[in-house]
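Student: Can we go through a structure together? I'd like to start with the overall fold and then look at the aromatic rings.

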Amino acid sequence: MIVIEKVDKTPVVKRLVEIVERKGQGHPDYIADGISEWVSRYLSRYYLEHFGIILHHNVDKTLVVGGQAAPRFGGGEVLQPIYILVSGRATYEVRTKDGVVKVPLGTLVMQAARDWIKQHFRFLDPDTHVVIDYKIGQGSADLVGIYDLGVKSVPLANDTSVGVGYAPLTPLEQLVYKTERLLNSRDFKAKYPEVGEDVKVMGVRVGKEVKLTVAAAMISKLVKDKSHYLSVKEDVKKAVEDLASKVAPEYNIEVVVNAADKPEHGIFYLTVTGTSAEHGDDGMTGRGNRANGLITPMRSMSLEAAAGKNPVSHVGKIYNVVAQRIADKVYNQVKDIIEVYVEIVSQIGKPINEPKILNVEIIKSGELTGEVRNEVEAIAREEIEKITQITDYILRGEVSLY
């Protein structure tokens, strides 16, 4: 069922208050999301290569337990490693005409986690700074059976869940997202290697006044002293202010970097590895960014953890991607749309291309005419009809999940 409704809501950009957050690449919650998703991708590729289909798995319960570290200007040590536990369910063995084939689950989990860390960190060593563990059980017999029934045609939803998307991003949402991406970009790291990967951005707008709070971990061995630290911190602030002037010129923006610093007491945001997870900060899959990469309490959101869920039949993952694609296309292709929200609800055991409801809420100038309804419905139906293509987009890393 597709429902299209014009709603009488004040667009977020015109509200008095707006709050937006992004937990960046090195944040413990982002680490959990990233490793969950890479384990799922490694499993999916193994299943495809050896069995021709992606078998049942959900590894969306990764836990990051903070370690202990002693950073200091010009050096520092990790005293107790970060502990990472990958948890969930997966297919361990497959019965074929030639007998039972065992899946090297542990090897795949370890390789995926190590590879993710190596690709996303410069100073976090997965062999010395991290202990990687896994606790993955067999998939539920009922859920596995439901999944298998849909393998040869359209997969059947293995959960009753909701996916949410909206468009467009407000200037503040764009700024928060782009700030973290700037500070973790290759070019910025080349110029300021002292800035670690753990970057968190919180934006609060009241009217035209915006306060952007940026937490940026510094690499202790690359920072010589207090003066060096404060110099880099000031350069980070200037870089963000420059970005803000381009992304959101209509606002008066105050940028605060590492607000908890107390230089007079010798307190600075120093890390050995570039992440707060090295010293007591914990993380878990699904506690960070939503599928569009942001945490937006002023918007409709799904609480599903998209990362780590199987990319074939788990609607908690697929529907978030599809809802966002529909929202983007409706906003970009239909005239006079101010904001659009899309919610898609599944019913366990039903084909994923037959959602229980696909709800489109539109804020627009003028009436919701029959022509507009037809345009919106056509976009929604097209995306639902080609929903099985989402699996390939996910495996190629072409869609946002966190």
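Tutor: What follows is a short talk through this predicted model.

Student: How many helices and strands does the protein chain have?
Tutor: There are nine helices and 18 strands. The radius of gyration is 23 Å, close to the 21 Å from the globule rule for 402 residues, so the chain is as compact as a globular protein of that length.

Student: And what does the C-alpha trace span along its principal axes?
Tutor: About 65 × 65 × 25 Å.

Student: What share of the residues is buried?
Tutor: Buried residues account for 53% of the 402. The accessible surface is about 17500 Å², and carbon and sulfur atoms hold 51% of that.

Student: Rings now. How many aromatic pairs turn up in the whole structure?
Tutor: Nine. One of them is Y166 with Y341, a tilted pair with 6.0 Å between centres and 35° between planes. This pair links distant parts of the chain: Y166 is in strand 11 (residues 162–167) and Y341 in strand 17 (residues 337–345), 175 residues apart.

Student: Are those two, Y166 and Y341, buried or exposed?
Tutor: Both Y166 and Y341 are buried. F188 and Y192 also form a tilted pair, at 5.0 Å centre to centre and 40° between the planes. F188 and Y192 are buried too.

Student: Back to Y341. Which residue lies over its face?
Tutor: K9, at 4.3 Å from the ring centre of Y341.

Definitions and conventions
Residues are numbered from 1 along each chain as its sequence is written. This is a predicted model: local features need pLDDT of at least 70, side-chain atom pairs count only at pLDDT 80 or more; totals for chains, interfaces and linings use all residues. Side-chain values use heavy atoms; hydrogens and water are left out. Rings of Phe, Tyr and Trp (its six-membered ring) pair if their centres lie within 6.5 Å; planes under 30 degrees apart count as stacked, over 60 as edge-to-face and the rest as tilted. Helices (H or I, at least four residues) and strands (E, at least two) are DSSP runs, numbered from the N terminus. Buried means under 20% relative accessible area, exposed over 50%, partly exposed in between (1.4 Å probe, protein chains only). A charge sits over a ring if NZ of Lys or CZ of Arg is within 6 Å of the ring centre and within 35 degrees of the ring normal. The radius of gyration is taken over C-alpha atoms; the globule rule is 2.2 Å times the number of residues to the power 0.38. Accessible areas come from the Shrake-Rupley method with a 1.4 Å probe; for residues, only the protein chains shown count as cover.
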